[in-house]
Amino acid sequence: MTTLMFILGILVFFVGLLFSIAWHELGHLSTAKLFGIRVPQYMVGFGPTIWSRRKGDTEYGIKAIPLGGYIRMIGMFPPGEDGRVTARSTSPWRGMIEDARSAAFEELQPGDEKRMFYTRKPWKRVIVMFAGPFMNLILAVGLFLTVLMGFGIQQETTNVASVSPCVIAQSENRDTCKSTDKPSPAEAAGLKKGDRIVSFDGVSTAKWDTLSDLIRDSAGKTVAIVVERGGKDVTLHATIATNQVAKKDSSGAYVQGEYVKAGFLGFSAATGVVKQDFGDSVTWMTDHVGDAVDSLVALPGKIPALWNATFGDAPREPDSPMGIVGAARVTGEIATLDIPASQQLAMAVFVVAGFNLSLFLFNMLPLLPLDGGHIAGALWESLRRNLARVLRRPDPGPFDVAKLMPVAYVVAGIFVCFTILVLIADVVNPVRIS
């Protein structure tokens, strides 16, 4: 049964993956057609075509390898200086440029002269190239909101899981009290496991973050604490101690290994699945996007550790880069966890949402062959054409993105090598959640 659930989890991820790819390419396709650009192909996957249908002048299909997708637009690159495709050069760098230009014109038909990508104004090209990643962002936001507001997420609550018998600095990392330790304010006030703290010093405490901040800001104060116990409200009084506690960052997350002096009550909060309102969901997503951007920036620095975890004896870090195989494996593990089916589904949807957010951020890098590279080329063309108009100089014409193809091949080569490294790591030393 466990193996069956593991396989089912993987299948759920791949269905989400295929939909995400198709959704991304639909953004490019719809805006390209909106601006009158001819699109000969819309394909999900790579390799041999296993199914296709032609509608109008576009062939829609699915290919055998579900690791990507594409649309083909006519005239992605402008012609050479002589107005036509230049003859093949013996220079390898020049050859890359001419190969790219040839591919852009290989399906040119009569009447396509005004339906080519490069002939559209820069702002239209920006929209076409941005539409794909933007569709992933929309999907990520929709899936995150579905989980946060519909299912809820595991977080600390105002319910009491346990009461500390004494005051222990958190940096000491011990659970046993010494004879010199003072009794905790919670113990002295009579707080019990199972209590739900309703208010603290007259302030309603429906959320753990609110309660935590109130306690930290009340060092030395004697406060009234209202708890729900056995269906009745009970009022307790506690003098908040000063203790060394974990530091919080601006988003309220604990900073590992850093401590501050603050108020201390002395209990552990129970965790539970809590549905978020819209405002909390937006805050959570904003913080998550910031973390994702930080992770993308830090990605090159994680490669040595990834290499050591793959080909050495080093452990795989929990925040290690993970590819499609790793994400599928994690989704399979989620399906085998001993948790309610609703939470299994919510966690799997979270993985797909995170994948879409990563697709958005990755594709927005201003590097060819990524969408961000084409966006950067269109913006540069707009800048230099407008500058020429202001300075009353001749129109420099469309920016020849094909000249950047040697750089694109280098970037693509780096991405391929990194993808292979992550793939091997996901097989030999995968990230595990259980």
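The axes of helix α6 (residues 278–311) and helix α10 (residues 405–428) are 10 Å apart, and the two helices pack at an angle of about 45°. That angle makes α6 oblique to α10; angles under 35 degrees count as roughly parallel, over 145 as roughly antiparallel, 65 to 115 as roughly perpendicular, and the rest as oblique. This is a predicted model, in which local features need pLDDT of at least 70 and side-chain atom pairs count only at pLDDT 80 or more, while totals for chains, interfaces and linings use all residues. Residues are numbered from 1 along each chain as its sequence is written, and side-chain values use heavy atoms, with hydrogens and water left out.

**Helix packing**

- Helices (H or I, at least four residues) and strands (E, at least two) are DSSP runs, numbered from the N terminus.
- Axes are lines fitted to C-alpha atoms, for helices over the stretch in contact, and angles run from 0 to 180 degrees between N-to-C directions.
- The crossing of α6 and α10 is left-handed, a term used if the near helix is turned anticlockwise from the far one by less than a right angle; clockwise is right-handed.
- Helix α3 (residues 122–151) and helix α8 (residues 341–363) have axes that come within 8 Å and cross at roughly 155°.
- α3 and α8 are therefore roughly antiparallel to each other, and their crossing is left-handed.
- The contact of α3 with α8 has 20 nonpolar, 6 polar and no charged residues. Here Ala, Val, Leu, Ile, Met, Phe, Trp, Tyr, Cys and Pro count as nonpolar, Asp, Glu, Lys and Arg as charged, and the others, Gly among them, as polar.

**Cavity and pocket**

- On a 1 Å grid over the protein atoms alone, a cavity is a set of points where a 1.4 Å probe fits but cannot get out, and a pocket is an open set with protein on both sides within 12 Å along at least five of seven lines; lining residues have an atom within 4 Å of a point.
- Grid points are joined across faces, edges and corners, and a volume is the space filled by probe spheres set on the points.
- The count comes to 1 cavity of 30 Å³ or more, and the largest cavity holds about 80 Å³ of space.
- Residues lining the largest cavity include M76, R125, H374, E381 and F399.
- Helix α9 (residues 371–390) gives the largest share of that lining, 4 residues; by class the lining has 8 nonpolar, 2 polar and 2 charged residues.
- The second largest pocket contains about 760 Å³ of space. Of the 28 residues that line this pocket, S164, Q170, F264, F267 and S268 are the closest to its centre.
- At least two residues of this pocket's lining come from each of β3 (153–163), α5 (208–216), β8 (241–248), β9 (254–264) and β10 (267–274).
- The lining of the second largest pocket has 16 nonpolar, 8 polar and 4 charged residues.

**Disulfide**

- The structure holds 1 disulfide, defined as a pair of cysteine sulfur atoms within 2.5 Å.
- The disulfide joins C166 to C177, with S to S at 1.9 Å.
- The link of C166 and C177 is left-handed, with -95° about the S-S bond.

**Backbone details**

- Most residues other than glycine have a negative phi, and most peptide bonds are trans.
- L368 and P369 are joined by a cis peptide bond with omega of about 10°, and P369 is found in the loop between α8 and α9.
- D201 has a positive phi, near 55°, and lies in the loop between β4 (196–200) and β5 (203–204).
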